[in-house]
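I opened my notebook to record what I looked up in this structure. The entries follow in the order I made them.

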Amino acid sequence: QLPLAGSRLCLYEDGTELTESYFRALPPQTELVLLGPGESWRGCASDIERLLAAFCSQQGAVVEAARRLLTDERAPRRQKLLADLIHNLSENILAEDKEDDQKWFEGLESRFKNKSSYLRHSCESRMRGYMREVSGFISNVHPAAQDAYRGIIDLMADKLKSVKYNGCYFDRREEEEAARLCTTEGWFSCQGPFDRDDCPCKHSINPYSNRESRILFSTWNLDHVIEKKRAVVPELAEAVKTRDGREVNWEYFYQLLFTLDNLKLVHIACHKKTNHNLSCDKTRIYKKRKQAHEIS
């Protein structure tokens, strides 16, 4: 039913247009596409584009069809593909408030009214845990230096309170800060392992998308590049003990313990539990003395 003028034959796999001699050289069972005037074919990518277009325009129907297929499917690989498809199409990334995506909040305390508030709370809880570890180390500090160590703990605690325990790192409404770890739509990328520039597996996740992603994101870790227990806290205790009249640069230790200067968001598989073999910068342990200037 196509007019001869302007019609063409192409290879299905890559869209290569056929000449008569090329056609005669093709092996049996080669899949071809017959194109009418003005039509184009770019190979398998064209099928993918049509598939994605169908997902976007008829998402609900596609999810329902996939669920019906999954009911009778027995092949494990096809089961996983269908389950992943249903999972991805069930995402509701843009929804923020509880009334717009109630399923996302299943299993959470009723006090959380939007997604950002829960993720911000999770980050705050992590930072509070770090603070407890720093405070609990005081029993290992030399008795003569414990008061000075407590003073630094108080300064760090006040700083954390003033910045709301850095919960803005995971609050997509705080765009300027959140953009350091994620896009404005809530995608987070694995930044580890610590000894490489990029995550080799390209892990990424959007905890705002659906309940399953929110739960999975809770298994991701904040990894201290210069290790908290092995390096930062012991170095802080030693600095307080041996300060000899010098002022400990507590802001430097604060950055190492609680900020993105020394924290990487990593998938659990990229969280290296072994020794990182990294130490604090010795030139930043103490604050530089201010030089007195004579007034002539």
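**Entry 1: rings.** I began with a definition: rings of Phe, Tyr and Trp (for Trp, its six-membered ring) pair if their centres lie within 6.5 Å. The model I searched is predicted. Ring pairs link W104, F105, F112 and Y118 into a cluster. How many aromatic pairs does a search of the whole structure find? I got nine.

I looked at two of the pairs more closely. F217 and W220 have ring centres 5.8 Å apart. Their planes meet at 45 degrees, so I noted the pair as tilted. F217 is buried, and W220 is buried too.

Then I turned to W250 and Y254. Their ring centres are 6.4 Å apart. Their planes stand at 80 degrees, so this pair is edge-to-face. Both residues belong to helix α10, and four residues separate them, about one turn of the helix. Are they buried or exposed? W250 has a relative accessible area of 14%, so W250 is buried. Y254 is at 5%, so Y254 counts as buried as well.

**Entry 2: charges over rings.** I checked which arginines lie over a ring face. R128 lies over the face of Y165, and the distance to the ring centre is 4.0 Å. R214 lies over the face of W104, at 5.3 Å from the ring centre. W104 is also in the ring cluster of my first entry.

**Entry 3: the whole chain.** I stepped back for an overview. The protein has 296 residues, and 40% of them count as buried. I listed ten helices and six strands. I also looked up contacts between residues at least 6 apart in sequence. Of these, 65% join residues at least 24 apart.

**Entry 4: the cores.** In soluble globular proteins, nonpolar side chains tend to be buried together. I looked for such groups here. The largest nonpolar core has 53 residues. Which of them touch the most other members? They are V134, Y149, M156, L236, F253 and F258.

Another core lies apart from the largest one. That core has seven residues, including V63, A66, L82 and I86.

**Entry 5: strands.** I went to strand β6, residues 263-266. L263 and L265 are on one side, and K264 and V266 are on the other. All four are buried, which leaves both faces of the strand covered. Strand β5 (residues 221-224) runs antiparallel to β6, and four bridges join them. I looked up one partner: H224 is bridged to L263 in β6.

**Entry 6: cysteines.** How many disulfides are there? The count is zero. I checked C199, where the nearest cysteine sulfur is that of C190, 3.8 Å away. A disulfide needs the two sulfurs within 2.5 Å. C201 is in no disulfide either. Its nearest cysteine sulfur is that of C199, at 5.3 Å. The surroundings of these two were my next check. C199 has a relative accessible area of 3%, so C199 is buried. C201 is at 54%, so C201 counts as exposed.

**Entry 7: loops.** I noted K164, which has a positive phi of about 55 degrees although it is not a glycine. K164 is in the loop between α6 and α7 (175-178). Its relative accessible area is 58%, so K164 is exposed.

K202 also has a positive phi of about 55 degrees, and it is not a glycine. I found K202 in the loop between β3 (188-189) and β4 (204-205). At 60% relative accessible area, K202 is exposed.

P143 was my last stop. P143 is in the loop between α5 and α6. Its relative accessible area is 62%, so P143 is exposed. P143 and K241 are 98 residues apart along the chain. Their C-alpha atoms are separated by 8.9 Å.

Note on methods:
Residues are numbered from 1 along each chain as its sequence is written. This is a predicted model: local features need pLDDT of at least 70, side-chain atom pairs count only at pLDDT 80 or more; totals for chains, interfaces and linings use all residues. Side-chain values use heavy atoms; hydrogens and water are left out. Buried means under 20% relative accessible area, exposed over 50%, partly exposed in between (1.4 Å probe, protein chains only). Helices (H or I, at least four residues) and strands (E, at least two) are DSSP runs, numbered from the N terminus. Two strands pair if DSSP finds at least two bridges between them. A nonpolar core is a set of buried Ala, Val, Leu, Ile, Met, Phe, Trp, Tyr and Cys residues joined through side-chain atoms within 4.5 Å. Rings of Phe, Tyr and Trp (its six-membered ring) pair if their centres lie within 6.5 Å; planes under 30 degrees apart count as stacked, over 60 as edge-to-face and the rest as tilted. A charge sits over a ring if NZ of Lys or CZ of Arg is within 6 Å of the ring centre and within 35 degrees of the ring normal. Contact means heavy atoms within 4.5 Å.
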